[in-house]
Amino acid sequence: MSRALTRWALRRLGTAAVVLAAVAVLVFVLFETLDSDAATVLLARQGGAEPSREQLAALRAELGLDRPAPVRFADWAVRFAHGDLGTSLLSGRPVADVLLGRLANSAALALVTAVLLVPLAIGLGLVAGARPGSRTDRAISMGALTAESLPPFVSGVVLIATVALTLRLLPAVSLLPTGASVWSRPEILVLPVLCLLAALAPHPVRMVRAQTAQVLAAPYIRTARLNGVRGPRLLLRHVAPNAISAAVHPLAGALVGLIGGIAVVETLFVYPGVSQELLRAVAGRDFPFVQSAAVLLAATGIGLYLIADLVTMLTSPRARDLVLER
């Protein structure tokens, strides 16, 4: 069994490495197709007359942009493999230092959302699936379907218009003084978190609901009922483990969706996270920042899916048997 699991883990890690390499190459190629570079942007920001070819050539040489593209990519890849994320072409600061402050804010938003998302999706799915066709089931299913049909920016605008501007209960934008911790103003997290939950929770809720209804119709559940096992005990002890194991990957997909969802929400609510800095880097053609940030975000998503695979194996004997048979 241990050898089969080791082979499975090595295959998964190998696939993850290939995907990360593909992401790195794709981001680099797309960056190379842009119509300008960091030297052009920096000289344009200085104002005045249009820069001469000599000025552009001198600044490109100073920034290392005059080297062939494969050489620049290889230099970044070697540094990244050694834990060096590079130096921002715009600010001259290490990319890791620029990311650190913003990453803490984005991580806080993601953490609060994830802590609420998992029990919310599982709980609503179990409640709806425990009584298929009931009013509770219809209400939860209809609410999930409605929320899932709305893009995050639409639900965000609705929340701002109602909760912030009409009811004046919470701030419309998540402004934060420079250097301040997001935990010093927890109210700025409420609307962004609600927006993310509305976008990410519906699919896992529906998956847990469907699996719960299916498990309740299984023969062993009928046997348990004949033996007097009913109510919350039946749901939590016999139904929930099988229903939840089928929802691991949808939940992992929702957590990975936090990466893209946070980008939209941070922009909509002016939240001081990684997304704003990444947008500035793209606009400024800051290759080291964009390249390193993109690969790190991809690695986070791949890591979540690997964890989901492991949890599925631990909770589902059928999935574990399939791995051991290979």
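Q: What share of the contacts in the chain between residues at least 6 apart in sequence joins residues at least 24 apart?
A: Contact means heavy atoms within 4.5 Å. Of the contacts between residues at least 6 apart, 74% join residues at least 24 apart. The model is a predicted one, in which local features need pLDDT of at least 70 and side-chain atom pairs count only at pLDDT 80 or more, while totals for chains, interfaces and linings use all residues. Residues are numbered from 1 along each chain as its sequence is written, and side-chain values use heavy atoms, with hydrogens and water left out.

Q: How many helices and strands does the chain have?
A: Helices (H or I, at least four residues) and strands (E, at least two) are DSSP runs, numbered from the N terminus. The chain has 15 helices and zero strands, and its C-alpha trace spans about 85 × 60 × 30 Å along the principal axes.

Q: Is R45 buried or exposed?
A: Buried means under 20% relative accessible area, exposed over 50%, and partly exposed in between (1.4 Å probe, protein chains only). R45 lies in helix 2 (residues 38-45) and, at a relative accessible area of 54%, is exposed. Apart from residues up to four places away in sequence, R45 touches L90 and G284. In the chain of 326 residues, buried residues make up 39%.

Q: Which residues have the most contacts inside the largest nonpolar core?
A: A nonpolar core is a set of buried Ala, Val, Leu, Ile, Met, Phe, Trp, Tyr and Cys residues joined through side-chain atoms within 4.5 Å. The largest has 25 residues, and L109, V182 and Y271 have the most contacts inside it. Helix 8 provides the largest share of this core, six residues. A second, separate core of 21 residues includes A128, V208, V215 and A243.

Q: How is an aromatic pair described?
A: The distance of the centres and the angle of the planes describe a pair of aromatic rings. Rings of Phe, Tyr and Trp (its six-membered ring) pair if their centres lie within 6.5 Å; planes under 30 degrees apart count as stacked, over 60 as edge-to-face and the rest as tilted. The structure holds five aromatic pairs. One of them, F28 with F73, is tilted, at 5.1 Å centre to centre and 55° between the planes. This pair links distant parts of the chain, 45 residues apart: F28 is in helix 1 (residues 2-32) and F73 in helix 4 (residues 69-81). F28 is buried, with a relative accessible area of 8%.
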